Amino acid sequence: MKVLKLIFLLVMANVLFKPTEIYSQSEGRIDFVEFTLENGLHVILHEDHSTPIVAVNVCYHVGSKNEKPDKTGFAHLFEHLMFDGSKNVKRGEFDKYITQAGGYDNAYTTEDKTNYYEVLPSNYLELALWLESDRMLGFSIQEISLITQREVVKEERRWRYENRPYGSAWIKISEKSFKKHPYRWPVIGYQEHLDRASMDDVREFYETFYVPNNAVLVIAGDIDIEKTKRLVEKYFAEIPKGPDNIPRPPAEDELNDSEIREIVEDVNAPLPAVFMSYRIPEEGNEDSYALALLSNILSVGESSRLYQRLVYKDKIANEVETYADAREHPGLFLIYAISNPGFNSDTLEKVIDEEIEKIKNYGVEEKELEKAKNKVESALVAARQTVQGGSSGALLYILQKT
């Protein structure tokens, strides 16, 4: 299998358009109120009485890019640790509080942020605010939690990457795509760093990043705005502000305009595959919207260009996908394809390059572009049909704004 780090900027030719074009036909504005507490916690409230449900999101502006090169995986490790007890909530009780109230909760970590959320009946809003404020209130992680969750994360790493077909390729492609920027290591981190993680390391990470002035609280659903403001003040206003100089890595990275090729021997991958990456602009850049549409045109649905060529017509691949991974700093446009028996990765690469060249040289048809826009609009509208989707949209707004 060949892992390729290709050109840094994809030439978009006739695909470029203004980002407002995506939203112009389905504006559907979501009204919200936003304010900031004295301790720096930014709050967004959206009132919607269509269902008796409320969604609470707390997003910390910390992801894997905020880690030290010799202490990777901490942001994702904290996603696990923060469910394992806080100052007034015993180990194993956080989830129990939510499920017994008839709700659900979860979290996720990216290169740029860590987001925690609960969705539950609106009469339990105060419960969710108490739980979230308690784990923001102060460091209370126990050593048994570190030992337990470190092993859980290591097992997750084995399951997601080490024992999964082509899993190691996703780690390799980031390592090859970035030279100095912390996007070069995986969100889940490296196992040897997790093994060395100490309680002092964990405390330092918490006290640096898990502070109100590094967080956004979004509440959406069946709420009363003024009453909710008072509840937010009650549970969050007295939490001490954290340091002003929260570490932020620079966005710049060394460019390398040469092609990088690497053979990855993977016993779990029976068929050759090709992985290609392009450096792309940051999230919110005009070109990031065009690249999202390009990904749609190339691989979403059976009528997409790469599917038609590789899977349907030439029958050289059984799977092909593209993904415009826009991030806070310049990210990656990813393409991968898994071959059918009898074909190699060189053949896949050649055909993919041919299809990209067609778009670079001739653009796309207006009908094709309109179809891609409609798919994006449909996904946006579908996301807004739930309180969690609406709160996530507000969260994206404020993160792009800051």
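Colleague: Let's start with A237. Where is the place of A237?

Modeller: You'll find A237 in the loop between helix 9 (225-236) and strand 8 (260-263). Keep in mind that this is a predicted model.

Colleague: Why is A237 called partly exposed?

Modeller: Its relative accessible area is 29%. Buried means under 20% and exposed means over 50%, so A237, at 29%, counts as partly exposed.

Colleague: And what does A237 touch, leaving out residues up to four places away in sequence?

Modeller: Its contacts are L37, N39 and V232. N39 is 198 residues away from A237 along the chain, yet their C-alpha atoms are separated by 6.7 Å.

Colleague: S86 is in a loop too, I think. Which elements does that loop lie between?

Modeller: The loop with S86 runs between helix 2 (74-81) and helix 3 (94-100).

Colleague: Is S86 buried or exposed, and how do you know?

Modeller: S86 has 10% relative accessibility. The cut-off for buried is under 20%, so S86 counts as buried. Not counting residues up to four places away in sequence, S86 touches D134, R135 and S140.

Colleague: Are E132 and R135 buried or exposed?

Modeller: E132 is buried, with a relative accessible area of 0%. R135 is buried as well, at 2%.

Colleague: How many salt bridges does the count come to?

Modeller: The count comes to 26. One of them joins K71 and D201, whose closest N and O atoms are 2.8 Å apart.

Colleague: Why do you say the pair K71 and D201 ties together parts that are apart in sequence?

Modeller: K71 sits in the loop between strand 4 (53-60) and helix 2, while D201 belongs to helix 8 (residues 199-209), so the bridge links parts that are 130 residues apart in sequence. As for the surface, K71 counts as partly exposed at 24% relative accessibility, and D201 counts as buried at 13%.

Colleague: What about K360 and E357: how do you know that they meet in a salt bridge?

Modeller: The N to O distance is 3.2 Å, and the limit is 4 Å, so K360 and E357 pass. Both lie in helix 12 (residues 345-362), three residues apart, about one turn of the helix. Each is partly exposed: K360 has a relative accessible area of 23% and E357 has 36%.

Colleague: Why is helix 5 called roughly perpendicular to helix 6?

Modeller: Helix 5 (residues 143-162) and helix 6 (residues 167-177) pack at about 90°, with their axes 6 Å apart. Angles from 65 to 115 degrees count as roughly perpendicular, so helix 5 gets that label against helix 6. The contact is made by R157, R160 and Y161 of helix 5 and G167, S168, W170 and I171 of helix 6. Those residues divide into three nonpolar, two polar and two charged.

Colleague: Last topic, the cores. Which residues have the most contacts inside the largest nonpolar core?

Modeller: They are F78, Y210, L217, I219 and F236, in a core of 54 residues. Helix 4 (residues 125-137) gives the most to this core, with six residues. Apart from it lies another core, of 28 residues, among them L291, L294, L310 and A337.

Colleague: And what does F78 touch, not counting residues up to four places away in sequence?

Modeller: F78 touches Y116, I141, V202, F205, Y206 and Y210.

Key. Residues numbered from 1 in each chain as written. Predicted model: local features only at pLDDT ≥ 70, side-chain atom pairs only at ≥ 80, totals over all residues. Heavy atoms only, no water. Helix = DSSP H or I, 4+ residues; strand = E, 2+ residues; numbered from the N terminus. Buried < 20%, exposed > 50% of the residue type's maximum accessible area, 1.4 Å probe, protein only. Contact = heavy atoms within 4.5 Å. Core = buried A, V, L, I, M, F, W, Y, C linked by side-chain atoms within 4.5 Å. Axes fitted to C-alpha atoms, helices over the stretch in contact; angles between N-to-C directions. Parallel < 35°, antiparallel > 145°, perpendicular 65-115°, else oblique. Nonpolar A, V, L, I, M, F, W, Y, C, P; charged D, E, K, R; others polar. Salt bridge = Lys/Arg side-chain N within 4 Å of Asp/Glu carboxyl O.
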